[in-house]
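Okay, thanks for making time, everyone.

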Amino acid sequence: MQGLMMDMPLLISDLIRHADRHHGSAEIVSRTVEGGMHRYTYRQAHARARRLANALKRLGVAPPERVATLGWNGFRHFEIYYAVAGSGAVIHTINPRLFQEQIVYMANHAEDKAVFFDLTFAPLVEKIAPQLKSVRHFVAMTDRAHMPKERVPNLLCYEELLEAESDELDWPSFDERTAACLCYTSGTTGNPKGSLYSHRSTLLHAYGAALPDSFGLMARDVVLPVVPMFHVNAWGIPYSAALTGSKLVFPGPHLDGKSLYELFETEGVTMSAGVPTVWLGVLNYMRENKLRFSTLTRTLIGGSACPPAMIRTLQEDYGVEVRHGWGMTEMSPLGTVSRLKAKHKDLDKEAKYALQNKVGFPIFGVDTRIVNENGEELPRDGKAFGDLQVRGPWVIREYFKGEGGNPLKKDESGQGWFPTGDVVTIDPDGYVQITDRSKDVIKSGGEWISSIHLENIAIAHPGILEAAVIGVQHPKWDERPIVVAVKRPGHEVSKEELLKFYEGKIAKWWMPDDVVFVAELPHTATGKLSKLTLRQQLKDYRLKAER
Ligand code: AMP
């Protein structure tokens, strides 16, 4: 017997329709690429998204064709999110910080039919346009007065496209499993691979991400996603905010500490989200200028390990609750968020921090398990480390166009699990602790050393701004950890002092063998430490023992 409830597909267009009907006057504020601020409401955003959907039809973009964007977080990008997916086509957000060849590869692989770009990227588009085989239209996301000088073929003006259309449109209804968004993984080796989200997976993720133990979004929130809309849909915030009716604030291209801080204050931001590096910039600016937050209450930090020192500083010195989260492109991206449970109420401060430093327990919609190298499940005792596998309705089952074959691993009952490539422990309460990417794990004398753990200690030293720990060859132990660190401006710290700082905090055999100070550390296109590049940079480095 079937249930007797309405059978309505979960569609992305319903999010913006909902925000319009029930939160129509909630604002969307953007710092624009052209300069200045833009403000309007969900109601106006919805009307313009419908105009854009009509324009896409006129341009001949038909489902399931792909429409690419090279854009910052801003109102036009938001409209494209809804217009493209709402029409039944697929939005392909391209990370403009990737290498040119990778961008060309992805646009051709996705067979993008149109490319919408912010003015910042006009020089890039001019360069790559001749190589983009399938693209019929290039659209500059601006008005006539700001059209770029660069020579781009078949160039259209975004505002003119919208002006020519009416906002009369009924969003089409279709199977909720229809593809909606395509995001490629940055891929440190080989070509990038695409994760193709459906309307269903995107809506379920939007619900999950809005839950109290995730972003915890409410209609009275003002949300500023620092995480870019070109990186896993800004962790789904453009969808979750429409679902909850929260005011949205988009920072545009200005992601430095000063610009972000000013926006937090002038717009009354209550919730934000981004990778740890972004917060380094904000905190530095605030420290130098002796500033406080007046409205920000919480932030989700993830994408790479959030240093415990940063969690402490934000919470104790600035009154902002940190939610340490973990996820990946293949998971839409949210997997786990670190929040406390009722049973933790009376724990002392340090024990609470120990839990917060982990990446938390899974959101309903994601299941986790760890396995050893033979694929056997390991205990959830908080001690055994293994390869983390996940499953759930917003986890991929295969990459776009089947690249790389079937990625899933079967358990004894035949269920497929996605191997994340992260090495973790899971405790009996479900809290996941990431020790490493499997390829970053340091293996010394047959035992594993967690590079993240050692990095976190280095960053807790007041003289250290940023640190990476990598394994280097050792004649006896195979590999030994070394710290590569950037000093905080105006602070002096010696190698000996930093090594002394580790004493009593780790087992003796985890003690780094050396410290190398550098002016800066390499980052990937998504703002994470690039250990691959760092290892290349230090390829001639030899430990004393090796020398
Ligand atoms: P991406 O698909 O580019 O978002 O990268 C996903 C990967 O980032 C994960 O598999 C982890 O290795 C890493 N990552 C994400 N969040 C965290 C975190 N909070 N701590 C440590 N690593 C993280």
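Let's start with the largest cavity, where strand 1 and helix 3 (75–87) each put at least two residues into the lining. Helix 3 is the top contributor there, with three residues. Helices and strands here are DSSP runs, H or I of at least four residues for helices and E of at least two for strands, numbered from the N terminus. A cavity is a set of points on a 1 Å grid over the protein atoms alone where a 1.4 Å probe fits but cannot get out; a pocket is an open set with protein on both sides within 12 Å along at least five of seven lines; and a lining residue has an atom within 4 Å of a point.

Quick housekeeping before I go on. This is a predicted model, with local features needing pLDDT of at least 70 and side-chain atom pairs counted only at pLDDT 80 or more, while totals for chains, interfaces and linings use all residues. Residues are numbered from 1 along each chain as its sequence is written, and side-chain values use heavy atoms, with hydrogens and water left out.

Back to that cavity. Its volume is about 100 Å³, where volume means the space filled by probe spheres set on the grid points, and points are joined across faces, edges and corners. There are 14 lining residues, and Val 33, Gly 74, Phe 75, Arg 76 and Asp 118 lie nearest the centre. By class, that lining splits into four nonpolar, six polar and four charged. For the classes, Ala, Val, Leu, Ile, Met, Phe, Trp, Tyr, Cys and Pro are nonpolar, Asp, Glu, Lys and Arg are charged, and the others, Gly among them, are polar.

How many cavities of 30 Å³ or more does the structure hold? Two.

Now the second largest pocket, at about 640 Å³. It has 22 lining residues, with Leu 196, Val 395, Ile 396, Arg 397 and Glu 398 nearest its centre. Strand 9 (194–198), helix 7 (199–210), strand 18 (386–391) and strand 20 (416–426) are the elements giving two or more residues to that lining. Strand 9 has the largest share, three residues.

Okay, strand 1 again, this time for the sheet. Strand 1 (residues 27–31) runs antiparallel to strand 2 (residues 37–41) over five bridges; two strands pair if DSSP finds at least two bridges between them. Arg 31 sits opposite Met 37 in strand 2. The two strands make a hairpin with five residues between them, and Gly 35 in the turn has a positive phi of about 115 degrees. Strand 1 also pairs with strand 11 (residues 247–250), in the parallel sense, over three bridges, and there Ser 30 stands opposite Phe 250.

Zoom out, and nine strands form an open, mixed sheet in the order 2-1-11-10-12-13-14-15-16. Strand 2 and strand 16 (361–362) are at the edges with a single partner strand each, so one side of each has no neighbour in the sheet.

Next, the ligand. Its shell has 15 residues, the closest being Gly 325, Thr 329, Asp 422, Arg 437 and Lys 528; near means a heavy atom within 4 Å. Strand 14 (residues 321–327) gives the most to the shell, four residues. For polar contacts, pairs of N or O atoms within 3.5 Å, a polar side-chain atom of His 324 is 3.1 Å from a ligand nitrogen. A ligand oxygen is 3.4 Å from a side-chain N or O atom of His 231. Taken alone the ligand exposes 500 Å², and the protein buries 90% of that, by Shrake-Rupley with a 1.4 Å probe.

Most residues other than glycine have a negative phi, and most peptide bonds are trans. Still, Pro 63 and Pro 64 are joined by a cis peptide bond, omega about 0 degrees. Ser 332 to Pro 333 is cis as well, with omega near 5 degrees, and Pro 333 is in the loop between strand 14 and strand 15 (334–338). And Trp 235 has a positive phi, near 55 degrees, in helix 8 (residues 232–235).

Technical notes: A polar contact is a pair of N or O atoms within 3.5 Å; within protein, one must be able to donate a hydrogen and the other to accept it, and residues adjacent in sequence count only if both atoms are side-chain atoms.
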